[in-house]
Amino acid sequence: MYNLETYQEPFWAKSGNFIRGRDPLGVQNSSISVYASLLPGMTNLTLRLRYYGTYLWLLDHYDAFPSDNIFKKDQHGQYTFIRRAELIIAFVMINRYPSEQSVIGSQYVQNNLDEIQDKGFYDIALGADKHKDTPKGSVYWDYTSGALGQYYAGSLIALNLIHQSSGYFHRTEDYGKELAEAYGSSLSKETASLFLKRISEGKLYPDDIDKLDEIALNRDYKNTPEGQFYIKMLVSDDGPKSKTAANELPSQRKESLQLFMTLLHETDDDKAWLELPLSSYSDCLSISRHEVKEAKFGWYYYFLNELAHHFLETIFWGLLVEMDKGAYTLQQFISVITKEVIRDCKNKINSVEDSSLEHLINNLKHEEHNTLAYVDEIAISVKNNESITGVSQGVLALLSLFRDNKHKLQESKDYAMNHFLHTKHGNALDIFEIYIESSKNLSFKEFVSRLIHTLLNEHISVAYNKMGNGEKNLLKFVIEDNYLVHIETMKPNFTNPRLKTLHNFTQDLNLVNKNDELTSDGKALLKRLAS
C-alpha cells in the first residue's frame, strides 16, 4: 500500500531537471569578455575596494605564522583564518555603519546581532568555521574559501597581487607585498594585534567594535600609502595577461576610469556613469577608431554586442511565447511565424516581400527605424506579451543595427582581434555574418524563415553544449515526435558591465561624493589623466 512516505515517482515521469538560465542563446559571454578586458581586476561582485588591501594584509600575516600555528595544518585552516576575518569585518560594519552596502556576511550579522546578549560575545568560530558536516546556510558564507575564494581571488590574481598554489592563497612578492604593507600602515599596532587575536580566538566582544574601527571598509584612507596604492593600481596598465595581439600593454582600465569621471564632470545627471557604453557607442558611430582612446572604442564594441544580443533574444522570446500557444511541428511553426511577422512588418516597411534583404536594409529610413528607439519599443512589447510584434521589432532592429554599423565592421574586427575577442561565441560580427550577410540575396520572407530556423537550432546546440555530461537541462523547448514542446520563456536582458564596481571604487577613494559629483581629489585625478 502506498502512502506519502513510501510513494516514489516512477522514473519515466520525473522532471527533466530543467533549470533557468539568463543566456538561452549562449551569446552573452562575448559581452562579458569585452567588459572584462575594459575593467580588468574588477567584477560585478568585488564591490568594495578595501577588501583588496584587507586580503593582502591577512595573507601576508598568514604566511608569517609559524608552521605549528593552528591555521597552518592544511588549506582549510587558511580558509578558516580568512573566513573569521571576513565575519569580524561584517560585525564591525553592521554595528557601526549599518547603512553601508556590499558587506560580506551582512545578512548573517543582522540576523545574529542579539547573540551577544546571550553569550557576552559574538561567536565568530560558530558563524565562520565551515566543516564537512556544516549545514548549508548555517554560517555567514557557504563557499568553503569564503568570499575571497568565490569572488575576490580572480581579481587579485589578475592584478598580480596574489597567486594560488596547492589550494593555498599567497601574496606576490612585489606588488602584493606593497599593498599588504600599505594596508598595514593604516592600522595601529593595537588594532592589528586585536584583529589577529580575535581571529585566532574565534570570539568578538562588545568593546572590540570601536577598537577595530580602523578595519572598516569605509575608512577614510585618502592621502595614505593605502589610498595611494589603490590609485596607482587603477591607473596602471592592464598587466601582462591583457597584452594585445600587437604585443602592447593596454591601459583600458585607466582610460575607462577617465571616461567615467569625465561623464560625471561634464553632465548634471548623477547617473551619467551608467550611460558610458551608450555614449561611447553614439560617439564612435561617426568617429574613426584611431581618433578615440582604445577603451572608448571598446565600450562602443561592447554596446554593439549588447544590442545585437538583445535583438536576437527578443526574437527568441517571441518564438517561445508563440510556441506555448499551440501544437506545431517544426516546419509548421516556422511557416506560421514567418507569415505573421511578414504581415506585421508590412505596416512598418514598404515592398517587404518584393525586395532582396540587401535592398531593404539600404532603404530602411533612420527616422522610421531608429535602432535605439527599438529598445524602448521592445520593452513595451515584452511587458504586454505582444510576441509577434516583439519578433518583428527584433528583426527590424537587428537590420537597423547592421545598417548603422556596417561602415564600422572592419574597425570592430580589428579591435576584437587585437584583444583576442573575435573568437568569442555570439559576438556581433558573427551575428551579422550568420544572420544577415549570408542572407543578403534572399527575399525578406526567406530571410525571416531562415533566421527563425537558425535561431531555434542555435539554442538547441548551445543548450546541449552547456549541459555536457551533467544532468542540468537548459533547453527552453524540445522536439518530441516532430512537435515543438515549450518548457520555459526567457525575456531578453542586458549584461551588467562592472560599472557599479567602478562607481563604488571611486566613492571609496573619495574621488566621487555621495551625490555622484567629482570631489577636489577627483578633479585633480581627472586633470592628471587628461594630461
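**Chat about a helical chain**

Me: How many helices and strands does the chain have?

Reply: There are 23 helices and six strands in the chain. Keep in mind that this is a predicted model.

Me: OK. What does the C-alpha trace span along its principal axes?

Reply: About 80 × 80 × 40 Å. The chain has 531 residues, and 54% of them are buried.

Me: And the accessible surface, how much of that belongs to carbon and sulfur?

Reply: Carbon and sulfur atoms hold 48% of an accessible surface of about 24,800 Å².

Me: What share of the contacts comes from residues 24 or more positions apart?

Reply: That share is 72%, counted among contacts with a separation of 6 or more.

Me: Let's go inside. Which residues have the most contacts in the largest nonpolar core?

Reply: Tyr52, Leu161, Phe195, Tyr230, Met233, Leu399 and Phe444, in a core of 160 residues. Helix α14 gives the largest share of this core, with 19 residues.

Me: Take Tyr230. What does it touch beyond four places in sequence?

Reply: Tyr230 touches Leu49, Arg50, Tyr52, Gly53, Leu179, Tyr183, Tyr221 and Leu509. Tyr52 is also on the list of core residues with the most contacts.

Me: Which residues are in the second core?

Reply: That separate core has five residues, among them Ala463, Met467, Leu475 and Val478.

Me: Back to α14. Where does Asn305 sit, and which residues does it contact?

Reply: Asn305 is in helix α14, which runs over residues 294-323.

Me: Is Asn305 buried or exposed?

Reply: Buried, because its relative accessibility is 0%. Its side chain reaches the backbone oxygen of Tyr301 at 2.8 Å.

Me: Ser30, Ser31 and Val34 are in α1, I think. Which residues of α1 are buried?

Reply: Gln28, Ser30, Ser31, Ser33, Val34, Tyr35, Ser37 and Leu38. That makes eight of the 11 residues in α1 (residues 28-38), so the helix is largely enclosed by the rest of the structure.

Me: What do those buried residues pack against?

Reply: They pack against α12 (252-266), α14 and α19 (409-418).

Me: Switching to rings. How many aromatic pairs are there?

Reply: The structure holds 29. One of them is Tyr62 with Phe65: their ring centres are 6.1 Å apart and their planes are at 70 degrees, so this pair is edge-to-face. Both Tyr62 and Phe65 are buried.

Me: What about Phe121 and Tyr205, and why are they called tilted?

Reply: Because their planes are at 55 degrees, with the ring centres 5.8 Å apart. Phe121 is in the loop between α5 (115-119) and β1 (122-123), and Tyr205 is in the loop between β4 (203-204) and α10 (208-211), so the pair ties together parts that are 84 residues apart in sequence.

Me: How accessible are Phe121 and Tyr205?

Reply: Phe121 counts as buried at 15% relative accessibility, while Tyr205 is partly exposed at 30%.

Me: Which residues make up the aromatic cluster with Tyr301?

Reply: Tyr281, Phe297, Tyr300, Tyr301, Phe303 and Tyr415 form that one. The charged end of Lys408 sits over the ring of Tyr300, 6.0 Å from its centre.

Me: And which charged end sits over the ring of Tyr62?

Reply: That of Lys72, 5.0 Å from the ring centre.

How values were computed
Residues are numbered from 1 along each chain as its sequence is written. Side-chain values use heavy atoms; hydrogens and water are left out. Helices (H or I, at least four residues) and strands (E, at least two) are DSSP runs, numbered from the N terminus. Buried means under 20% relative accessible area, exposed over 50%, partly exposed in between (1.4 Å probe, protein chains only). A polar contact is a pair of N or O atoms within 3.5 Å; within protein, one must be able to donate a hydrogen and the other to accept it, and residues adjacent in sequence count only if both atoms are side-chain atoms. A nonpolar core is a set of buried Ala, Val, Leu, Ile, Met, Phe, Trp, Tyr and Cys residues joined through side-chain atoms within 4.5 Å. Contact means heavy atoms within 4.5 Å. Rings of Phe, Tyr and Trp (its six-membered ring) pair if their centres lie within 6.5 Å; planes under 30 degrees apart count as stacked, over 60 as edge-to-face and the rest as tilted. A charge sits over a ring if NZ of Lys or CZ of Arg is within 6 Å of the ring centre and within 35 degrees of the ring normal. Accessible areas come from the Shrake-Rupley method with a 1.4 Å probe; for residues, only the protein chains shown count as cover.
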